[in-house]
There are 2 protein chains.
Amino acid sequence: MTGDMEIICIGNELLIGKIANTNAQWMSKRATFLGITVRRITVVSDETEEISSALLEAIERKPQFVITTGGLGPTFDDKTLQGMSSALDRKLEVNENALRMVREKYESYFERDRIKESELTPPRVKMATIPEGTIPIPNPVGTAPAVQAETGATVIVSLPGVPSEMEAIFDQTVAPMLRKASSNVSFYEKRIYLDGIFESSIAPIVDQVMQDNPSIYIKSHPRGIEKKPHLEIHFSLKAATSEKPEEKLEKAANQLARLVAQKGGRVFTETEAAD
Amino acid sequence: MTGDMEIICIGNELLIGKIANTNAQWMSKRATFLGITVRRITVVSDETEEISSALLEAIERKPQFVITTGGLGPTFDDKTLQGMSSALDRKLEVNENALRMVREKYESYFERDRIKESELTPPRVKMATIPEGTIPIPNPVGTAPAVQAETGATVIVSLPGVPSEMEAIFDQTVAPMLRKASSNVSFYEKRIYLDGIFESSIAPIVDQVMQDNPSIYIKSHPRGIEKKPHLEIHFSLKAATSEKPEEKLEKAANQLARLVAQKGGRVFTETEAAD
């Protein structure tokens with residue numbers, strides 16, 4: 001669907017809990033504030049069939065964008081492009097533009113740092129070997145180019161897994177595409193904090209405020225434990241500036257705060273209340 | 001497959017990047033060290049159809065376990081059990097054991113903290129309304145019971161999204177099931193750190209060491225940027241204690257260190273080298 005996005009994160013290190021999936025959080029947040037709806041995040045291993053299945057399943061759901069991270073490097077287990085090749089049924093081939101990008105990187109490293117072995121070894125050529133009909137995207141921070149593909153109404157962009165590289169390419173190349181797709185709608189949010197009232201007791205209040213403010217989504221997040229209730233209430237909406245999103249959020253938050261106070265709960269704004 | 005697990009995390013807050021998916025990392029790590037293979041992590045929104053689809057897709061891949069987190073609370077957008085009901089085609093019904101667990105929780109809260117409204121309001125009864133033929137699991141920390149279901153060869157356990165509750169129920173109820181399923185195989189790992197050698201240059205070394213040590217999986221993780229190479233090399237295997245996993249890791253790490261040193265790289269063990 002227009003404005004929809006899926007994220008696929010590739011890497012055994014995520015499935016063994018070695019690292020937190022900070023890439024998914026960073027991208028989700030960035031895309032959301034650009035007005036895009038992130039529908040799903042999928043984490044799979046470094047196996048070609050897993051990557052290929054995850055891509056095919058995402059494509060079948062017809063999001064406008066599928067962004068992948070990880071698996072573009074020079075080692076044997078960097079298999080994202082093999083997965084893409086299999087999913088899209090397009091042969092892997094050495095791409096001349098990608099090869100130029102990789103060569104220029106190594107040449108620049110050697111010039112500046114005088115490290116030996118400048119030749120384009122097979123692991124280096126591997127980073128320029130991409131599915132036919134796809135486009136390499138320059139990596140301003142690292143070596144492996146990102147890769148952009150199109151299939152049906154879906155644009156796939158495969159980004160590296162190293163956070164600094166992923167973030168740089170996202171901001172340079174992906175963000176402008178997302179901005180264009182969301183046609184000036186942005187994400188707005190507001191939080192308030194409640195003490196001394198159960199989540200189960202504010203449930204009907206949340207229902208009522210959402211009914212009275214149909215553009216606003218409200219979600220309560222327990223902080224601490226239910227027997228000593230402390231809640232964060234998160235208000236959000238997607239809107240154009242002309243729709244006065246801040247005023248709408250303010251109105252909904254005020255109504256909820258009023259109803260909570262009537263039930264004996266304490267309301268805090270701006271900062272999270274101390275326990 | 002026996003010993004395989006999938007994780008499904010439910011919550012809009014994960015798809016808008018509001019929070020990091022620490023639950024997925026915590027569970028993946030725990031399950032991995034218990035000898036289980038986490039095959040996939042899927043994050044979906046609070047919509048019933050999204051939860052139901054993610055569950056059905058996971059079940060079709062026939063893992064031994066599907067563990068979900070989030071969406072068990074008292075509010076309108078806690079829809080995990082509606083999703084499970086739809087995926088398994090089993091009606092939601094008030095479960096007497098679950099209702100007793102919820103009632104006892106609120107009674108204990110009121111006794112200790114003298115908070116008003118002890119009655120079982122609809123949002124509270126909702127937490128005891130679970131798909132027919134499923135089993136409620138006590139929540140030692142919070143209010144909402146977890147829920148266990150079986151379908152084919154797959155056990156589904158739905159845990160709360162609040163980390164302290166999820167962790168307590170996981171350790172009390174899920175971990176023993178995983179331990180039994182992995183039949184005394186555990187996960188072992190070792191790390192060494194390299195400086196002054198490109199990831200692309202160690203690729204053939206990694207290939208060779210993996211060939212010579214077929215039980216060991218080796219993955220290189222770039223730290224810093226490719227032009228000033230600093231790498232973490234992660235060695236892992238699943239094995240029973242009797243297979244001497246530590247010795248095997250040691251042997252592989254020593255061989256890799258030797259080959260890297262021959263190429264002029266610097267090797268650090270135990271702690272990450274300073275930049």
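User: What covers the buried residues of α8(A)?

Analyst: The cover includes β9 (186–195), β10 (217–223), β11 (230–239) and α9 (245–262) of chain A, along with α6 (122–126) of chain B. Bear in mind that this is a predicted model: local features need pLDDT of at least 70, side-chain atom pairs count only at pLDDT 80 or more, and totals for chains, interfaces and linings use all residues. As for labels, residues are numbered from 1 along each chain as its sequence is written, while chains are lettered from A and ligands numbered from 1 in the order in which they are written.

User: What makes something a helix or a strand here?

Analyst: Both are DSSP runs numbered from the N terminus: helices are H or I with at least four residues, strands are E with at least two. Counted that way, chain A has nine helices and 12 strands.

User: Which residues of α8(A) are called buried?

Analyst: They are A:E199, A:S200, A:S201, A:I202, A:A203, A:I205, A:V206 and A:V209. Buried means 20 or more other C-beta atoms within 10 Å of the residue's own, exposed means 12 or fewer, and partly exposed is in between, with C-beta atoms placed from the backbone. Buried residues make up 49% of the 275 residues in chain A.

User: How do you know that the length of α8(A) agrees with what a helix should span?

Analyst: The expected span is 1.5 Å times one less than the number of residues. For the 14 residues of α8(A) (199–212) that should come to 20 Å, and the end C-alpha atoms are 20 Å apart, so the two agree.

User: Moving to chain B, why is B:I202 called buried?

Analyst: B:I202 has 25 other C-beta atoms within 10 Å, so it counts as buried. This residue is found in helix α8 of chain B. Leaving aside neighbours within four places in sequence, B:I202 is in contact with B:L194, B:I197, B:S220, B:L231 and B:V260. Contact here means that the two C-beta atoms, placed from the backbone, lie within 7 Å.

User: And A:I19: why is it called buried, exposed or something in between?

Analyst: A:I19 has 16 C-beta neighbours inside 10 Å, so it counts as partly exposed. A:I19 is found in the loop between α1 (12–15) and α2 (22–33) of chain A. Apart from neighbours within four places in sequence, A:I19 is in contact with A:E13 and A:L14.

User: What makes α4(A) largely enclosed?

Analyst: Seven of the nine residues of α4(A) (80–88) are buried, so the rest of the structure largely encloses this helix. Those buried residues are A:T80, A:L81, A:G83, A:M84, A:S85, A:A87 and A:L88. Just after α4(A), A:D89 takes a positive phi of about 55 degrees.

User: Why are α2(B) and α7(B) given the orientation they have?

Analyst: The axes of α2(B) (22–33) and α7(B) (163–181) come within 11 Å and cross at roughly 25 degrees. Axes are lines fitted to C-alpha atoms, for helices over the stretch in contact, and angles run from 0 to 180 degrees between N-to-C directions. Under 35 degrees is roughly parallel, over 145 roughly antiparallel, 65 to 115 roughly perpendicular, and the rest oblique. That is why α2(B) and α7(B) count as roughly parallel to each other. The residues making the contact include B:W26 and B:M27 of α2(B) and B:M166 and B:F170 of α7(B). Eight residues of this contact are nonpolar, two polar and two charged. Nonpolar means Ala, Val, Leu, Ile, Met, Phe, Trp, Tyr, Cys and Pro, charged means Asp, Glu, Lys and Arg, and the others, Gly among them, are polar.

User: What makes α3(B) sit as it does against α4(B)?

Analyst: The axes of α3(B) (48–60) and α4(B) (80–88) come within 8 Å and cross at roughly 55 degrees. That makes α3(B) oblique to α4(B). Among the contacting residues are B:I51 and B:L55 of α3(B) and B:G83 and B:A87 of α4(B). This contact has five nonpolar, six polar and no charged residues.

User: Last one: how many residues does each chain bring to the contact?

Analyst: Chain B brings 52 residues and chain A brings 51. On the side of chain B that touches chain A, α2(B) gives the most, with seven residues. By class, that side has 20 nonpolar, 18 polar and 14 charged residues.
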